[in-house]
Amino acid sequence: MLSLLLFYLFFSNPKSIASEKPLAQNSKIEKVTVFLQGATVERSSSVSIQSGVNELVFDNLSPDILENSIQLRGLDDASILSITFNLDYLDKKTVSAEYESLKTDLDQLLYEKNSIQNTIEGYERELKLLSENQRINSDNTDLSLEKVKQISAYYRQRSTEIQNIIYKQKREVQDLDRKINDYRQQMNNLDDSRKETRGEITVKLQSERATNLNLELSYIIQNAGWFPLYDIRAESTASPI
């Protein structure tokens, strides 16, 4: 009976089966200090933690964070188990009008290419049929020499026409392939520009009790800096600046 009761308690609690994915914590920038090379960012966040191990995620951050510069304050009685920094690759939801236009044009080019390839296939079948019919007629002993010449001339003329058409159609396919590759390259470039890399800091905390914390998160980003610009004026070359 006791075993059945423990079994029921274990499986009736979803948290005992699998831990939920940690929710992203809201944070706001309180202060930024920009150096000649790099910058320090200080953020604040109010979070609620439970007794035991808590996993907090701060997302939508700069991708250029130095992981060993991350600091967390305002822990009260909680202690830090781990701090990790990862990159999150996001897709922007909006698709530009230029991308949509390229896609429409690409679809039209692919349709034209498919249509031409079907035409080429039809002419190649006709060419094969002409060749087979010519062989059958040449084996016909009832035909006169003049009739054989006429038939041969027709097959030769028609075969030449078909081969020239096929050649032109294949050249058109080659031109279309170049255009299709260009359009796909442009679309790939636009698609790459839609990829957005953001930073994500994951913090694991240990707490003896449930409480609310006002955390202060700070870190250094590399891809930042400033340089001075001076506006120098003089009334003339003989006057002091």
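What percentage of the 241 residues in the protein is buried? Buried residues make up 23%. Here buried means under 20% relative accessible area, exposed means over 50%, and partly exposed lies in between (1.4 Å probe, protein chains only).

The model is predicted: local features need pLDDT of at least 70, side-chain atom pairs count only at pLDDT 80 or more, and totals for chains, interfaces and linings use all residues. Residues are numbered from 1 along each chain as its sequence is written, and side-chain values use heavy atoms, with hydrogens and water left out.

Start with the overall layout. The protein has four helices and seven strands. These are DSSP runs numbered from the N terminus: H or I of at least four residues for helices, E of at least two for strands. Along the sequence the order is α-α-β-β-β-β-β-α-α-β-β. Take the contacts with a separation of 6 or more: 82% of them join residues 24 or more positions apart. A contact means heavy atoms within 4.5 Å.

Now go to strand 6, residues 195–207, which holds Thr-202. Thr-202 counts as buried because its relative accessibility is 10%. Beyond its neighbours within four places in sequence, Thr-202 touches Glu-55, Leu-56, Val-57, Ser-82, Ile-83 and Thr-84.

The accessible surface of the protein comes to about 17,800 Å². Carbon and sulfur atoms hold 50% of that surface. Such areas come from the Shrake-Rupley method with a 1.4 Å probe; for residues, only the protein chains shown count as cover.
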